[in-house]
Amino acid sequence: MFYSSRIIYALLLAGAVVCGCSQREDIDDTVDNQETTVETAEVVFKFQTNAPTVSTTRSAEDSYTHIQGTADEYQVNNARIYLFDAPSKLFVKSILLTDLTRTGTDANGYVIYEAERVSVPQGTYDIFVTANTSRFISKKTESEFLADIDSLTYVRGAITDISKGIVMTNRADDNNNVVIAKNDDNEDNVVSITLERVLARIDIAKGSETFELTDESNRKYANVTLDGYYIVNLPKYYYSYRHTAVLTSMEIPAWSISENFGNVKDVNGYVIDPDFFKKTIDASGFTNADKYYENFFGDYSNPNAIAWTSFKPVTQDPQYNTLYTLENCTLAPAQKNGYSTGIIFKARMEPYNNVYHLGADGNLELIDQSRYPEVLYYFNYKFYDSAEALASAVGVNAITPNSLDLYQAQKFEKDDDGYHCYYTYWVRHLDNLKPTVMGVMEFAIVRNNLYRILVTNVSGLGYYELPVNPDTPDEGETYLKVVINVKPWIVRDLTNVVL
């Protein structure tokens, strides 16, 4: 029995805005498989979020920092409720709610929406909800429904237009065994459900137009300007309802509503994406043959093949570029460049009065900028205009391209914009604060998280060639009145990134 003061909370996951799907669409408001002789009752469904628990402990589940987001990010245009009989797991009814009104924002910053009452049979239900999509999935059983809705795919891995709203769904284990029954006092019954996005958001900005590089004695030896960036390993497949598991190996679990559709466990707990178990320890064998990734890192050893994204102008308040993408997770030992979502930064490098030429007398002499060559060699905070000058500085007879790494030297080629170098950054979900130990869910993308990346410093010269090494480490009728709250973004603040 539900009363107006009793709220059943359920977490909803966010789905995709742009989908390439095979399911049929049905715009009927209701689909009812229940006998019409069951008694009626009144229920108010409130779709809202729980306030985050305040804690000083960082976890894979929550950063304990949240922002509301933009109107496009939290708008709810429609919500479809799927009711399955809890004891038998058989489908009973689906209701499409389109008359939604934003009623305000609560003290925690959660945006609230409300819908008019609609009728459903009384019963005990497992409830699933999707929002911002008219897609109707007709399946007789709960398990068939979950398998069908999990087959959805995105057309693209990087999503920039969310003007029509982000599709949202509930965490499937939080609205099970919900009793909908008639109240003796004719008051509205209340069931609360939380909306959460399947999409993650990535913000990128740079804190300075130019970064100065200094040596161990704090003497300046070069300037670096970040000209653009490119995001790699953006997945295109997703689970509509978030999947989780406790894992110590690549053994695929038997998906269970009670075990695999809720919160991430504290020990060895993972969020699972559709390709999770294909991402083995040997990342070098992954070829992206099924096109799981957009911008697959293994395809971009040639930087000229990349369409670089420009930064917004640097201001006192960081101006972020924003895009949205899907979950991308794997087992801790397989968190490698071949799988993890990363950012390649393209930079322009300028030497600072430290370019040397090997003179006829065998001595190294400083040259001015007008004499800088098409190819520069770098070693120990200085630059050289030829391989011969570099060899003299290193103290060897000759330097070959294959021996540059041996002496920790680099070569930079000039183009119309100057000398370029490259930096890579792999998006971190949870820092275990152990620089040499790979943590569970340390490098990952998880739905409804906002990964805000602000580059605040550059500590050294980047790669002279773009490094591509894959192995580098969700009897009768009951009246429902729906209130919807949209969960704020969980912020993964990755500011103060040093390249």
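**Exercise 1.** How many disulfides does a search of the whole structure find?

*Solution.* The model examined here is a predicted one, and a search through the whole of it finds zero disulfides.

**Exercise 2.** Determine which residues of helix α2 are buried, and where they lie around the helix axis.

*Solution.* Begin with the helix itself, which spans residues 142-149 and whose buried residues are E142, F145, L146, D148 and I149. These residues lie on the same side of α2, because they cover an arc of only 165° around the axis. An α-helix has 3.6 residues a turn, so residues three or four places apart point the same way. Next, turn to the face of α2 directed away from the buried side, where the exposed residues S143 and A147 are found. Finally, ask what the buried residues of α2 pack against: the partners are β5 (79-85), β10 (123-131) and α3 (257-260).

**Exercise 3.** Is V440 buried, partly exposed or exposed, and which residues is V440 in contact with, leaving aside its neighbours within four places in sequence?

*Solution.* First locate V440, which belongs to the loop between β29 (418-426) and β30 (449-457). Its relative accessibility is 28%, and V440 therefore counts as partly exposed, since that class lies between the cut-offs of 20% and 50%. With neighbours within four places in sequence left aside, V440 is in contact with N268, G269, Y270, A332, Q335 and L430.

Conventions. Residues are numbered from 1 along each chain as its sequence is written. This is a predicted model: local features need pLDDT of at least 70, side-chain atom pairs count only at pLDDT 80 or more; totals for chains, interfaces and linings use all residues. Side-chain values use heavy atoms; hydrogens and water are left out. Buried means under 20% relative accessible area, exposed over 50%, partly exposed in between (1.4 Å probe, protein chains only). Helices (H or I, at least four residues) and strands (E, at least two) are DSSP runs, numbered from the N terminus. The arc is that of the directions from the helix axis to the C-beta atoms. Contact means heavy atoms within 4.5 Å. A disulfide is a pair of cysteine sulfur atoms within 2.5 Å.
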